[in-house]
Amino acid sequence: MASLCYSLLLTPKLSPLSLNPKPLSNLTFRNQTKSNVRLQRRPTITRMSLNPTPATERLISAAAYTLPFFNSLQYGRYLFIQYPQLGTLFDPLLPLLSLYKSVPYASFVAFFALYLGVVRNPSFSHYVRFNSMQAVTLDVLLVVPLLLTRILNPGRAGLGHRLMVWGHTGVFVFSCFCFVYGLVSSILGRTPYLPFVADAAGRQI
């Protein structure tokens, strides 16, 4: 009897929880659920992938805008006569301009080379083709004031002559703006959208 009482004292007491243990599968499932919830609540970090424009495409696009600019210099002669100091801004371009003028029919050759060789060439990217098409469209529009001058023949004096001078000066200033805007944007790898030109060029691509 004494040995039986002594054995009962040594027997560990079982808690109510130990009598009805919970299955381990439920615990693991809850732990997995909590971990999934925590993973889902973590903010997703998106990294922007930069795709810079290649240097060759920038160079071709920048060179394309020199075609309408060179052809528009004839409209700035009245502005150069009135303000001779403006000619110093274009002195760095004189070697390129003299080379351009030395080639026979350079304007027509450059126009068709740019249109057929670049704009209609699917091997070039859309960026190069769009910029080239803008330059070609602007070059075509620059012919309109010259045709109007020959048709209307405003003379060398009077109101008609003044209107012609103002019109030619405005065309030259607009072409200079397009040239600088297109050149800088092409160097930076951005797409310039010239006013009155971008919509017409975009429909042709």
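The lining of the second largest pocket comprises seven nonpolar, two polar and two charged residues, where Ala, Val, Leu, Ile, Met, Phe, Trp, Tyr, Cys and Pro count as nonpolar, Asp, Glu, Lys and Arg as charged, and the others, Gly among them, as polar. The model is a predicted one, in which local features need pLDDT of at least 70 and side-chain atom pairs pLDDT 80 or more, whereas totals for chains, interfaces and linings use all residues. Residues are numbered from 1 along each chain as its sequence is written, and side-chain values use heavy atoms, without hydrogens and water.

**Exercise 1.** Identify the residues that line the second largest pocket, and the helix that gives the most to that lining.

*Solution.* Finally, helix 7 gives the most, with three residues, helices being DSSP runs (H or I) of at least four residues.

**Exercise 2.** Describe the lining of the largest pocket by position, by helix and by residue class.

*Solution.* First, of the 18 lining residues, Asn 71, Ser 107, Phe 108, Asp 139 and Val 143 lie nearest the pocket centre. Next, helix 5 (66–72), helix 7 (94–102), helix 8, helix 9 and helix 10 (143–152) each supply at least two lining residues, and helix 8 gives the most, with five. Last, by class, the lining divides into 13 nonpolar, three polar and two charged residues.

Notes: On a 1 Å grid over the protein atoms alone, a cavity is a set of points where a 1.4 Å probe fits but cannot get out, and a pocket is an open set with protein on both sides within 12 Å along at least five of seven lines; lining residues have an atom within 4 Å of a point.
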